[in-house]
Amino acid sequence: MRIGIDARMYGVKAATGIGGYIQNLIDQLAEIDSENEYILFMNDPAFSEFRPPTSKFKKIKVNIRWYSWVEQLIFPIILYKHCLNLIHFPNFNTPIFYFKKSVITIHDITPIFYPGPMVKKSKIRRLAYWLVLRLSILKAKVVITPSNHTKDGIVKYLKVKTKKIKVVYLGFDSKLVNRSSQMEIDQVLSKYAITKPYLLYLGVWRDHKNLVGLIKAFEILKIKNQLDCQLVLGGKADPNYPEISQAISESPVKNQIIAPGFIPEEELGLIYQGAKLFVLPSFCEGFGLVALEAIYCQTPVVSSQSTSLPEVLGDSAVYFDPTNPEDIAQKVLEVIGNKNLINTMVDRGQKQLLKYDWRQCAQVTLDIYLAA
């Protein structure tokens with residue numbers, strides 16, 4: 001087969017979780033499949049940096065921005081030229097005028113509930129999102145989701161038949177340095193001016209991530225409970241969500257909130273390991289990959305009880321109500337001083353991780369390609 005992969009979001013720097021998904025999927029497909037040919041459609045700088053892992057992989061530079069009109073009008077022309085037997089679109093934004101065989105991955109349906117300011121302000125953008133999402137699903141032979149929660153949401157809100165959807169759990173980055181010397185950890189912490197025990201969040205800064213609620217919970221911990229710690233909010237600030245930066249700047253404990261921006265991959269394991277707790281306060285998650293990475297680094301996780309997170313994390317996390325900053329603070333306190341509970345969570349976490357493997361993800365995905 002001649003299989004296309006829309007790899008325009010390739011790499012963690014390009015599109016966070018989706019970019020990492022594409023990168024790991026390609027890496028593992030190269031390991032397990034020597035029969036089929038893969039055509040990867042990429043944007044710079046990933047195109048220039050990427051080295052095809054085998055002769056079966058060919059990269060094509062398209063430099064077409066995702067969520068753009070060029071994606072809808074020009075990209076399908078390029079795809080038709082390459083005579084693909086199948087193409088995998090790793091996100092909902094497929095070109096609606098491409099009608100040949102496709103598989104699509106929908107990681108979550110968060111935009112239905114949290115559309116973001118750009119979509120909220122524009123009826124055209126709202127219409128475009130729904131049109132692209134519905135037509136992409138309609139045209140696809142198979143819809144892949146990373147959790148049963150996302151699958152159930154697609155069935156409920158988009159009226160898709162269950163048999164068309166396949167749940168394929170993701171893996172986690174086992175290349176993260178998961179046991180380092182304290183000296184190595186301290187060097188990275190010093191770089192980011194982290195000087196105390198800290199609570200960690202990593203991810204995008206958007207409304208559905210509930211960072212404002214986490215900041216309020218941190219204020220409770222500092223002022224009411226006198227907890228001697230810092231809050232580290234990793235990830236790049238998004239100008240479309242100024243309320244998060246505003247919550248930091250107006251916080252009475254703002255001098256104890258560290259915002260290091262995008263953290264390089266080679267430092268992630270050290271940042272995870274150095275944290276006392278990893279906190280994931282999201283209102284909505286399709287999978288929660290960062291929490292699994294924290295668990296891999298043996299850092300206990302306190303998590304929102306919403307959407308897919310209980311399914312993915314199982315009994316390895318302690319859960320809170322994300323709408324209640326008091327409850328977030330209370331659950332942090334329950335864990336952070338309890339060594340027996342932390343040890344239990346770490347043990348449970350290592351067992352939970354056995355469910356998630358990029359090789360298995362790629363194998364199941366390849367099976368879907370071949371059967372489509």
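Colleague: Hi! Which residues line the largest cavity?

Modeller: Hello! In this predicted model, the largest cavity is lined by Asp-6, Arg-8, Met-9, Ile-22, Phe-89, Pro-90, Asn-91 and Asn-93.

Colleague: Thanks! How many of those are nonpolar, polar and charged?

Modeller: The lining of the largest cavity has four nonpolar residues, along with two polar and two charged ones.

Colleague: And how much space lies in the largest cavity?

Modeller: About 60 Å³.

Colleague: Let's look at Asn-93. Where is Asn-93 found?

Modeller: Asn-93 sits in the loop between β4 (86-89) and β5 (102-105).

Colleague: Is Asn-93 buried or exposed?

Modeller: Asn-93 is buried, because its relative accessibility is 4% and the cut-off for buried is under 20%.

Colleague: Nice. Which side chains make a polar contact with the side chain of Asn-93?

Modeller: The side chain of Glu-71 does, at 2.6 Å, and so does the side chain of Asn-91, at 3.1 Å.

Colleague: What else does Asn-93 touch, not counting residues up to four places away in sequence?

Modeller: With that exclusion, Asn-93 touches Arg-8, Met-9, Trp-66, Tyr-67, Glu-71 and Val-132.

Colleague: New topic! How many cavities of 30 Å³ or more are there in the whole structure?

Modeller: The search finds two.

Colleague: What lines the second largest cavity?

Modeller: Its lining is Ile-295, Gln-298, Thr-299, Pro-300, Val-301, Ser-316, Met-345 and Val-346. Five of these residues are nonpolar, three are polar and none is charged.

Methods
Residues numbered from 1 in each chain as written. Predicted model: local features only at pLDDT ≥ 70, side-chain atom pairs only at ≥ 80, totals over all residues. Heavy atoms only, no water. Helix = DSSP H or I, 4+ residues; strand = E, 2+ residues; numbered from the N terminus. Buried < 20%, exposed > 50% of the residue type's maximum accessible area, 1.4 Å probe, protein only. Polar contact = N/O pair within 3.5 Å; in protein donor to acceptor, adjacent residues only side chain to side chain. Contact = heavy atoms within 4.5 Å. 1 Å grid on protein atoms, 1.4 Å probe; cavity = no way out; pocket = protein on both sides within 12 Å on 5 of 7 lines; lining within 4 Å. Points joined across faces, edges and corners; volume = space filled by probe spheres on them. Nonpolar A, V, L, I, M, F, W, Y, C, P; charged D, E, K, R; others polar.
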